[in-house]
Amino acid sequence: RWDLASPWYTRARVHATADGDELTISALMHNMVGMRLDNFRQAVLTGRGEAREADLSLVGLDSSENFDLLVGTSTLEPLRPMLRARYLSLQQRSAEALQIYDQHFAGAVASEVSRMASDVLSDIAWCRLRQGDAQRARSEAKAAEQSVTARTQVDERAATHSRLANIYRELGESSDANRHAQLAESAWRDFELLQRRFVALLGGMTANGITPAA
């Protein structure tokens, strides 16, 4: 619900700009990109909704990177290549996505983005398969499945199982494909319930007079 989130982002950015808080501006820009990419991924992998956020995701990634270069902050640097690779994968540009994953993923997982491991590994496996490397795709799919932990957020778990279902289906392993498809559907259902809950909470705040303009 970008229509509901956007005024809050704008208000936060106005305050951060007035205070000269460049780190908060950087975080806001990054979070806006993340939200758009999450919406894009959800639409593509579930087949529900419209993938409206694709072009704005790329513009946001470039803007976020340029801003951080301008102010000299590198806090979010490990995450940015993963987001760019995700964007390219969702746009069916698997060769370009793999180039970024191969360059950045190993070091990133060892530090800030380890909780994203299953999501990223499943996407790498999908890109490998798109490039005709079924053997490595199968190996990385197994690694993705083993990387799902209690720290894996529900949307990342859903995306992981969606990718794995598609991978195993193309590899002709129907039992694993069906199992992951069921897990994906359950996780996406949980995530969509969570989304609706947050939208309702935000609506309740607005009803009580708490608005971005307040």
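Helices (H or I, at least four residues) and strands (E, at least two) are DSSP runs, numbered from the N terminus. The model is predicted, so that local features need pLDDT of at least 70 and side-chain atom pairs count only at pLDDT 80 or more, while totals for chains, interfaces and linings use all residues. Residues are numbered from 1 along each chain as its sequence is written, and side-chain values use heavy atoms, with hydrogens and water left out.

**Helix α3**

Helix α3 spans residues 54-71, 18 residues in total, and reaches 26 Å from its first C-alpha to its last. That is close to the 26 Å expected at 1.5 Å a residue, where the expected span is 1.5 Å times one less than the number of residues. Just after α3, G72 takes a positive phi of about 80 degrees.

In α3, the residues A54, S57, G60, L61, S64, F67 and D68 are buried. They lie on the same side of α3, because they cover an arc of only 140 degrees around the axis; the arc is that of the directions from the helix axis to the C-beta atoms. Buried means under 20% relative accessible area, exposed over 50%, and partly exposed in between (1.4 Å probe, protein chains only). The buried residues of α3 pack against α2 and α4, with contact taken as heavy atoms within 4.5 Å. The face turned away from this buried side carries the exposed residues D55, N66, L69 and L70.

**Cavity and pockets**

On a 1 Å grid over the protein atoms alone, a cavity is a set of points where a 1.4 Å probe fits but cannot get out, and a pocket is an open set with protein on both sides within 12 Å along at least five of seven lines; lining residues have an atom within 4 Å of a point. Grid points are joined across faces, edges and corners, and a volume is the space filled by probe spheres set on the points. Ala, Val, Leu, Ile, Met, Phe, Trp, Tyr, Cys and Pro count as nonpolar, Asp, Glu, Lys and Arg as charged, and the others, Gly among them, as polar.

| Space | Volume | Lining by class |
|---|---|---|
| Largest cavity | about 90 Å³ | seven nonpolar, one polar, five charged |
| Largest pocket | about 1,300 Å³ | 15 nonpolar, eight polar, 14 charged |
| Second largest pocket | about 160 Å³ | four nonpolar, four polar, two charged |

The search of the whole structure finds one cavity of 30 Å³ or more. Its lining holds 13 residues, of which R41, R86, Y101, D119 and D123 lie nearest the centre. At least two lining residues come from each of α2 (22-46), α4 (80-90), α6 (117-130) and α8 (154-170), and α4 gives the most, with four.

R86 lies in helix α4 and is buried, with a relative accessible area of 8%. Leaving aside residues up to four places away in sequence, R86 touches D38, R41, Y101, M116, D119 and D123.

The largest pocket is lined by 37 residues, and R1, M35, D38, N39 and Q195 lie nearest its centre. Helices α1 (2-19), α2, α4, α8 and α9 (174-207) each supply at least two residues of this lining. The largest share, nine residues, comes from α2.

The second largest pocket is lined by V44, L45, S89, L90, Q92, S94, W126, R130, R163 and N166. Two or more residues of this lining are given by each of α2, α4, α6 and α8.
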